[in-house]
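Colleague: I am new to this one and would like to know what stands behind each term you use. Could you take me through it slowly, setting the values against the definitions?

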Protein chains: 4
Amino acid sequence: MKKQSKRVKTKSKRLGVWIVGIGGGVGTTVLVGTHFIKKGLVSTAGLITETEIFKPLNLVPLDNLVFGGYDIRTETVWENAIDIQRQTKTFSIEFLNQIKDDLDKIDNNIKFGTTINCGETIEKLATAKLEKNDMPLYEMVKIIQNDLISFKNKYKLDNVIFVNLASTEPFNEKFLNVPSANSLEELEKAIKEDKRDDLPASTIYAYSAIDCGFPYINFTPSIGSETKAMQELAIKRGVPHMGKDGKTGETMVKSNLAPMFIYRNLPILSWAGFNILGDRDGQVLSDPKNKATKIRSKDRILHNILGYSTYVHTAIEYVPSLSDWKTAWDHIHFKGFIDTKMVMQFIWQGCDAILAAPLILDLIRMADYSKSQGEKGLMKHLACIFKSPIGIEDHNFHNQYQMLMNYVKKHSFKD
Amino acid sequence: MKKQSKRVKTKSKRLGVWIVGIGGGVGTTVLVGTHFIKKGLVSTAGLITETEIFKPLNLVPLDNLVFGGYDIRTETVWENAIDIQRQTKTFSIEFLNQIKDDLDKIDNNIKFGTTINCGETIEKLATAKLEKNDMPLYEMVKIIQNDLISFKNKYKLDNVIFVNLASTEPFNEKFLNVPSANSLEELEKAIKEDKRDDLPASTIYAYSAIDCGFPYINFTPSIGSETKAMQELAIKRGVPHMGKDGKTGETMVKSNLAPMFIYRNLPILSWAGFNILGDRDGQVLSDPKNKATKIRSKDRILHNILGYSTYVHTAIEYVPSLSDWKTAWDHIHFKGFIDTKMVMQFIWQGCDAILAAPLILDLIRMADYSKSQGEKGLMKHLACIFKSPIGIEDHNFHNQYQMLMNYVKKHSFKD
Amino acid sequence: MKKQSKRVKTKSKRLGVWIVGIGGGVGTTVLVGTHFIKKGLVSTAGLITETEIFKPLNLVPLDNLVFGGYDIRTETVWENAIDIQRQTKTFSIEFLNQIKDDLDKIDNNIKFGTTINCGETIEKLATAKLEKNDMPLYEMVKIIQNDLISFKNKYKLDNVIFVNLASTEPFNEKFLNVPSANSLEELEKAIKEDKRDDLPASTIYAYSAIDCGFPYINFTPSIGSETKAMQELAIKRGVPHMGKDGKTGETMVKSNLAPMFIYRNLPILSWAGFNILGDRDGQVLSDPKNKATKIRSKDRILHNILGYSTYVHTAIEYVPSLSDWKTAWDHIHFKGFIDTKMVMQFIWQGCDAILAAPLILDLIRMADYSKSQGEKGLMKHLACIFKSPIGIEDHNFHNQYQMLMNYVKKHSFKD
Amino acid sequence: MKKQSKRVKTKSKRLGVWIVGIGGGVGTTVLVGTHFIKKGLVSTAGLITETEIFKPLNLVPLDNLVFGGYDIRTETVWENAIDIQRQTKTFSIEFLNQIKDDLDKIDNNIKFGTTINCGETIEKLATAKLEKNDMPLYEMVKIIQNDLISFKNKYKLDNVIFVNLASTEPFNEKFLNVPSANSLEELEKAIKEDKRDDLPASTIYAYSAIDCGFPYINFTPSIGSETKAMQELAIKRGVPHMGKDGKTGETMVKSNLAPMFIYRNLPILSWAGFNILGDRDGQVLSDPKNKATKIRSKDRILHNILGYSTYVHTAIEYVPSLSDWKTAWDHIHFKGFIDTKMVMQFIWQGCDAILAAPLILDLIRMADYSKSQGEKGLMKHLACIFKSPIGIEDHNFHNQYQMLMNYVKKHSFKD
């Protein structure tokens, strides 16, 4: 009986989704895909939370999501959708026409964000006037929190999930070492005193959301809620959060394949991976500073899974003609019996936004579920969705998936 | 204290290994590799049982193995080793020279086998006079058992493991349906009455070994000990056995990769795999009848892991110039979010015998261990080593490996 | 001055194109692509005759083509176009809508063809009632010729080019050996006496067209105008013709790559090629009888270019999910200095109809040009467009292209 | 009659070969391979000059070559050969043993070279004491010329060919712009006045050889005899020379494949090529300064063949485990009919030294032939062997090969 009442409640629940970078390829694909599914135009392929095993959790239906967010460009949702349709052919024009009204409505919920400490390459992408950039930090936080609360009130939302899909910020060791990274007290002081050189945009956003009690998801390699200070805040405010860097393509395959070599005691001599892609993300990554953040995230994985050091080379190159169709070639050189050298190669041809978008929806639903269960802090059971899952050392994809399955099973028999 | 005494015992144990097809590529590589390792010329790469986790089991040292077996060709071990060295360059001539004496000694333990019901293609490979072929079945069994017992006595062996590495027999549904396949009583009757059309060579060998109490390993896709009757016999005689068809290349990768698509809810639209190879095994598989047995073994796996039916095509072609360097190209077509079609391809370039040989040694040691533990019947914990593990439905490579790890851990803390 | 008058004439010329299999993927793509170009919606990529060097020939403009033809299915041009759009995404719906009226008009010029001697697999594809199938041959020829002449008169066409794009007929040695294959006299006798087992549909069509004085192009591996008898007819009637089997994908690459190994004296040890595709053509080729015709056409090329015999394996497999996106993997094993074995592999991912269609347009324009120049018989200068160019032994793609360039240059300076 | 006398002369001719970098992978492979062929142990695969068409030129037999040269390391020829055997398995130990005496004799003809202006990375490779480095330029030239003449006298050689196989020098625009690059007078002045910052080692060597009348071959991307001043010198001294940068792997394939896209009017959208290799050459190229010279040489080719600008990315990465087995993955994105994007990819797995060595022998024989014919200056007919053939604009491999064939044919009918 209790279970039934709960299910009813979930079905009528309205969940807000506030996305930083809502106009990007992944953000737009989340919006378009959700509405295609609502209209029954496409299958639910790619959504883990739509598989049988998740049924007992009664996650919020996709129909009940309401979208809003920040961007730094002026295009409308529709314009972004049409642009992707032209570039990647992943959307059908006929289907798009059927959801145009729904997409247009989202425009009302989109505001301009900030590019503070995002570096020149990202700043150049901005076509909107970013007024937040000129505010002191405490003001910026207040405005962001206002935006979130107004959004919640306007749509009478039960909860809002805050998602970071913005372009990768340039890597800067500093942001992990400043005092404000290491204690919540210092963090709050830094905001109050407007120490604007110490906080990247992703962390300002994360602070604003979590401080308000909204679950936070960081799908990018930027710092977001990774610091000790932010983790403290999440516990204090009773908020679930997780990140970082969605595991969608080459790295997913890597974390799946590397264990095989362990299972057969075939030492890896070298693993050279080359990624080519042509979307705005690729453009940002062609700046060596932004690329560093990404590759840092990719490289650690192999050493972790293998348990020994080997020769790893990972490259990301911008090839405009590919648009969002990221192609990766990995050459794996390994040693077998009698020290014989052998080779495995793979070629991955996937559309990045298409691979990422359903995972965002999975994360949103699971974050909302955690919140409803009174969980707080890192949602470690979601490790399998991230390249650099915060707080998790095991990068074996199978073990990570098992963790998620265990969580789901545990909660399935809970009520 | 108990543990220590046991370790001592294992160290002084002498284990016999009797291989059908000892002169083939895999057999020869087992012999050469074991002696290279004994002499410290090469690492133990490829051997699962040499990894840290297996230490507590005190498996029999590779130094204590004594080899013998059957073949249908007249070449000496040395001639076979030189031939492989020329074809695949996996052995070094310098190293071979250092173990020549050891290899020469094995020649004394090699006898001519039988090709009964092995089909024309295999028969054509035989260059030796196969006297067993003309005997009635009961006589053949007696001779085989005599060979095994003499081998054991001659070298004062503590145990003998019987391993089938012979060329793949042609697939014949009949051998699984005759009365002698389904009851031990009928099987023994068939032997007594010389129903020679009802039993393939692999089953005659398996019967002979298990009936004598010797653990049996079937590394080929042939029937061997797969029938209900043979499983009955193994239980009755208290003998561990396992098969079939070693998982060494494309199929290993398949059973490792397919789960990834499940973990992300990415439906497989089609999986087309093409294998090219050029060794004697490839020659035998170029006969459609023998190939059928192999492909049957390969195809079932995907459907099992995915849990739904998809379009699977698997081809094996004989390309002589490759010799034992089997190359596979797999094209995996899958569907993601918004029903978008994407592609992953892999190319596998491995030396078959090099991949198979260490697994044989792993199986031998584990079979001996099971026997010493009083286990009998199917060694299901070894499923991860086989394409068609008898008695195991789960083909997910990770789950299978976990089964082995669980077995090892359980036994590590046992004493 | 003469030149200018000619250019004017070409510009006002109306050229009919009569296609057997007009409703297939290639046929439909020819229709759609031509109209897209007319409307300026797409570039002229893929069309050789649109490159600079062809300018002086003043070929008939694409705007002046009028289409008609035969098919064995009842779908309209529009239905076929929409079907391809859904399957391969190569057409844009927006663009299609802009040419709908033009496509609809073509429906008036489409009649039902014949499947005589085309084998069961092709017969099964037929959804229309094929009345021609029941006529005696002489009647069938008369009707076909009537169709062509009515088409010409209806649109006041200056010339009509007859193009075979029908599914590959099953290979039957017989059709090349019957008396009617070897002398025109016997051929005409066979038609008169209705020896209907001796002529495949492709040859009946070719006879009808050439006998009427219409240039004939065979883009399929079927026999068409290949026989001695047909070649005699073309000379007698003063008609240019050419075939057979368009060189669009793997074979094109093969005939381009193989010479490289000659240029460096790197002997090919083996060349194994695997093609997977999923369109109706793939479906027909999944019948071993029809596949044989195709592979026969593909295999000869390598031996011809290399000048020595090597191990060649070519496979074509039907993988429905790929639709028209044919994917090929070729593994080329070669020997270098000190007899060292090395490997080159390529993967080709092309849309078959997209690769074929512009070549059809090139052939049509060049056939019309030849006719206008008073040329007759085989158009050997078009060899580079065919897998099995009739009358040409040299399969080196570069040499073949040079032949075309020489023809074009010769004719450029002619007037 | 005249012809016969000539053939006799060629057969008894003794040709000296002086190699800079004789101890490197390519140099060692030239030595080993030549002696394997002399002894009849291997075929002449890889040698263009051993194909039928070259017969009438009566090139100097491989048996008559005498080797010497410079290096900057202290290993003997035998040590180098054994090292390669271990790393790449391209030599057989059995065969090596049969030519050990011959290899040992070459040690007498090896002297230490110079690393002047070769950059730090190359300097670090030097294990020998390089006395030439401290000499003024005019002294250095004198010593080099002395070495060459002593070598010639010692073995009573009819001619000596000077070959540059040293590691790639770092690219420095300056060396092409200094006065000494642009006039022979200035060059000779620079040597006399010891302007040691203006000349890279490769040019000093080239000057020394050509000034003495010895044909010069530059198989590396270094400058060598490329400057206007050096070309002047070659004409003045009546010496044939050619370079630069041997076309052995990915670039060879590129210059073979790119024309195909022209032949079909398929515009290239992007061409991304990734090379991984692990030999000493790879180590040197891992220094960005040295890599620049190489990539500069690789990139120009595509634009030249295509005739339009496209997006080209070429990477070379050092992956030690591969040793000399260079592997390249090229992703070619192109546009077809109806602006459809399609993809071709290739993977090249070749052993660099094995691919290069026979071309060195071809060049040596052809340079000697040119000299014997009284030819001087650039040997443009050898363009097909170089990535950056000096004085040749056409990079189409087929056209380049045709140039060579034309030369050979012209000279075949000359006498």
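**Values and definitions**

Modeller: About 2000 Å² is buried between chain C and chain B, with 65% of that area coming from carbon and sulfur atoms. Buried area here is the accessible area, taken with a 1.4 Å probe, that two parts lose on being put together, summed over both. On the side of chain C, the residues that lose the most area to chain B are C:Phe274, C:Ser321 and C:Trp329, which together make up 26% of what that side buries.

Colleague: What kind of model is this, and which limits apply to its local features and side-chain atom pairs?

Modeller: It is a predicted model, in which local features need pLDDT of at least 70 and side-chain atom pairs count only at pLDDT 80 or more, while totals for chains, interfaces and linings use all residues; side-chain values use heavy atoms, with hydrogens and water left out. Residues are numbered from 1 along each chain as its sequence is written, and chains are lettered from A and ligands numbered from 1 in the order in which they are written.

Colleague: What pLDDT does chain A average, and which ipTM does the predictor give the complex?

Modeller: On pLDDT, the predictor's confidence in each residue from 0 to 100, chain A averages 92, and 95% of the residues score at least 70. Residues 1-5 of chain A, however, have a pLDDT below 50, and beyond near neighbours in sequence this stretch has 2 contacts in the model, a contact being heavy atoms within 4.5 Å. Where pLDDT is low, the predicted coordinates should not be read in detail. For the complex, the predictor gives an ipTM of 0.94 and a pTM of 0.94.

Colleague: How do you know that chain B and chain A meet through the same surface?

Modeller: Of the interface residues of chain B, 100% are also interface residues in chain A, so the copies meet through the same surface. This contact takes 60 residues from chain B and 60 residues from chain A, and the two chains bury about 4800 Å² between them, 66% of it on carbon and sulfur atoms. In chain B, B:Tyr263, B:Arg264 and B:Phe337 lose the most area to chain A, together 20% of what that side buries.

Colleague: How do you know where the buried residues of H6(C) lie around the helix?

Modeller: Buried means under 20% relative accessible area, exposed over 50%, and partly exposed in between, with a 1.4 Å probe and protein chains only. The buried residues of H6(C) include C:Leu137, C:Ile144 and C:Phe151. Seen down the helix axis, the buried residues fall within an arc of 150 degrees, so they line one face; the arc is that of the directions from the helix axis to the C-beta atoms. The face turned away from the buried side carries the exposed residues C:Lys142 and C:Asn153.

Colleague: Why is A:Tyr205 called buried, and which residues is A:Tyr205 in contact with?

Modeller: A:Tyr205, in helix H10 (residues 201-211) of chain A, has a relative accessibility of 3%, and therefore counts as buried. Leaving aside neighbours within four places in sequence, its contacts include A:Val20, A:Thr114 and A:Phe162.

Colleague: Why is A:Asn117 called partly exposed, and what is its phi?

Modeller: A:Asn117 has 27% relative accessibility, so it counts as partly exposed. Phi of A:Asn117 is near 60 degrees, a positive value in a residue other than glycine. Most residues other than glycine have a negative phi, and most peptide bonds are trans.

Definitions and conventions. Helix = DSSP H or I, 4+ residues; strand = E, 2+ residues; numbered from the N terminus.
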